[in-house]
Structures are given as C-alpha cells and as structure tokens.
Amino acid sequence: MTVTPHSDEARPGDGLVKAGGIVFIAGAVATLATMAPLFLDVDPFPSYAWAVCMLMGVGFAISAAGVLRSAAAQRRAARASQEARGVSG
C-alpha cells in the first residue's frame, strides 16, 4: 500500500516546477515578441532581446530539477515505508 499525500500539501520540488513554468512562459513570450519583427517587416530587436529568449531553456531546466527532486523524495519515502514494514529489497 502506498501513501499518497493530500493534494493541498506542498511536496519537495513543487515550487521548482511552478517557478520553472513561469520562467518558461516568460521566455516563450519573449521569443514571440522577438520573432514578430521578422514577420512584420520592421527593424529587429537588439541582440540582448534575443538573450531573453534563453529563459525558455532555463525554465525547462528548473522544472526538470523540480521533477527530479520530487522523484527522489518519493523514492526515499517508499524506501522508508518498506523498511518500516520490514520488507527487504
């Protein structure tokens, strides 16, 4: 039997996943804004605007770190519950 945390409880890694999603969305909006002048036939943005587009990758990496942290915490909890029941593995 596994123990499932309540949906209103914060688990390890949840904050990183949310923060990563926000950073990713900010990067996606920046990418759309930076690409728009290419299709609208206006002067392109300066190069530092293109650097803001890299937030998409940074957000993805932050979210991935949160998922890995959550998986590790679940693994530790499962191992602890097995040891508490006396199951060897």
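Which residues gather in a patch of positive charge on the surface? In this predicted model, the patch consists of Arg69, Arg75, Arg76 and Arg79. Arg69 belongs to helix 3, which covers residues 55-85. The relative accessibility of Arg69 is 49%. Exposed residues have over 50% and buried ones under 20%, so Arg69 counts as partly exposed.

The overall fold can be described briefly. The chain contains three helices and zero strands. Read from the N terminus, the order of elements is α-α-α. The chain has 89 residues, and 16% of them are buried. Contacts were also examined by their separation along the sequence. Among contacts with a separation of 6 or more, 71% join residues 24 or more positions apart. The accessible surface of the chain is about 6900 Å². Carbon and sulfur atoms account for 67% of that surface.

Helix 1 supplies the largest share of the nonpolar patch, with four residues. With a relative accessibility of 40%, Phe45 is classed as partly exposed.

The loop between helix 1 (14-40) and helix 2 (47-52) also holds Asp41. The backbone of Asp41 deserves a separate remark. Most residues other than glycine have a negative phi. Asp41 is not glycine, yet its phi is positive, near 55°. The relative accessible area of Asp41 is 73%. That value is over the 50% cut-off, so Asp41 counts as exposed.

Charge pairing was considered next. Side chains of opposite charge can pair when their charged atoms come close. The structure has one salt bridge. Arg11 and Asp14 form a salt bridge, and their closest N and O atoms lie 3.8 Å apart. This distance falls within the 4 Å cut-off, so the pair counts as a salt bridge. Arg11 has a relative accessible area of 39% and is partly exposed. Asp14 is likewise partly exposed, at 23% relative accessibility. The value for Asp14 is not under 20%, so Asp14 does not count as buried.

Terms used: Residues numbered from 1 in each chain as written. Predicted model: local features only at pLDDT ≥ 70, side-chain atom pairs only at ≥ 80, totals over all residues. Heavy atoms only, no water. Patch = residues over 30% accessible without salt bridge, like charges linked within 9 Å, V, L, I, M, F, W, Y side chains within 5 Å. Areas by Shrake-Rupley, 256 points an atom, 1.4 Å probe, with all protein chains shown as cover. Salt bridge = Lys/Arg side-chain N within 4 Å of Asp/Glu carboxyl O. Lys, Arg positive; Asp, Glu negative; His and termini not counted. Charge placed at Lys NZ, Arg CZ, Asp CG, Glu CD. Helix = DSSP H or I, 4+ residues; strand = E, 2+ residues; numbered from the N terminus. Buried < 20%, exposed > 50% of the residue type's maximum accessible area, 1.4 Å probe, protein only. Contact = heavy atoms within 4.5 Å.
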